[in-house]
Amino acid sequence: MSMAGDGVSDIEQEKYDADENVKIICLGDSAVGKSKLMERFLMDGFRPQQLSTFALTLYKYTTTVNGKTVLVDFWDTAGQERFQSMHASYYHKAHACIMVFDVQRKITYKNLSTWYHELREYRPEIPCIVVANKIDADLRVTQKGFNFAKKNSLPFYFVSAADGTNVVKLFTDAIKLAVSYKQNSHDFMDAVMQELENFELEKQEAVSDKEDESEDALPLQLQGF
Ligand SMILES: Nc1nc2c(ncn2[C@@H]2O[C@H](COP(=O)(O)OP(=O)(O)OP(=O)(O)O)[C@@H](O)[C@H]2O)c(=O)[nH]1
Ligand SMILES: [Mg+2]
């Protein structure tokens, strides 16, 4: 636990103030447009240059769902093979997944099954949206049947990070799905982790004016999940 010495850090405070906080991950091969989709949604912009994500980028976003403040952590992961072994921690406590392929590169569509398999190993139940990106390059692709989503009973959107088609819809739906998953899930580990978190926050409040809180009593092996 890396709490600031003088009490609860800003980010922790934000989490505490929010009615709900959820984590959404983004998966798919390198260069399918995961980062550009995030940028389009969060910054409403698109810079065409390719800069592969190095391992992981985290974005924070606050919004309202059904009158409640929701703090969203977007995890933008690197699609490159060399980062594959790091993925376990990305999946940890994720509440929804956006899985992206590039309509111009068939291999990225084929690889969806590998990504999906890995996702389900770690998060058997979370909502997952399948996304066909780069439809601006050739609109005829929207006539094609991409059966992967249907086969796995997953929602499926055609999007473009370049011109913004369906991007706001994709992310707002993903957030809604994440919130409803979190509120309705009966995942045992999630429940345990939630309890631990609440306990932690209460404990931090209780000790926030004490000098030294660096030695948390929480068993270390539980923090490593
Ligand atoms: N035409 C078009 N190009 C796109 C679109 N989205 C992304 N690109 C291009 O695709 C390339 C890769 O985009 P990124 O968002 O960096 O891909 P990524 O999935 O984050 O890749 P990694 O970080 O390596 O996993 C960039 O050169 C983008 O300009 C789109 O909707 N349309
Ligand atoms: Mg990226």
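The model is predicted, with local features needing pLDDT of at least 70, side-chain atom pairs counting only at pLDDT 80 or more, and totals for chains, interfaces and linings using all residues. Residues are numbered from 1 along each chain as its sequence is written, while chains are lettered from A and ligands numbered from 1 in the order in which they are written.

Six strands form an open sheet with mixed pairing, in the order S2-S3-S1-S4-S5-S6. Strands (E, at least two residues) and helices (H or I, at least four) are DSSP runs numbered from the N terminus, and two strands pair if DSSP finds at least two bridges between them. S2 (56–65) and S6 (156–158) sit at the edges with a single partner strand each, so one side of each has no neighbour in the sheet. From one strand to the next, the twist averages 25 degrees; angles run from 0 to 180 degrees between N-to-C directions, with axes fitted to C-alpha atoms, for helices over the stretch in contact.

S1 (residues 20–27) and S3 (residues 68–77) run parallel and are joined by seven bridges. Ile25 has Trp75 as its bridge partner in S3. Helix H2 packs on the sheet, touching S1, S2, S3, S4 (96–102) and S5 (128–133), and its direction makes about 150 degrees with that of S3. Contact here means C-beta atoms, placed from the backbone, within 7 Å.

As for ligand 1, 22 residues surround it, the closest being Gly33, Ser35, Ser52, Thr53 and Gly79; a residue counts if its C-beta atom, placed from the backbone, lies within 6 Å. H2 (residues 34–43) gives the largest share of this shell, three residues.

Conventions:
Two residues are in contact if their C-beta atoms, placed from the backbone, lie within 7 Å.
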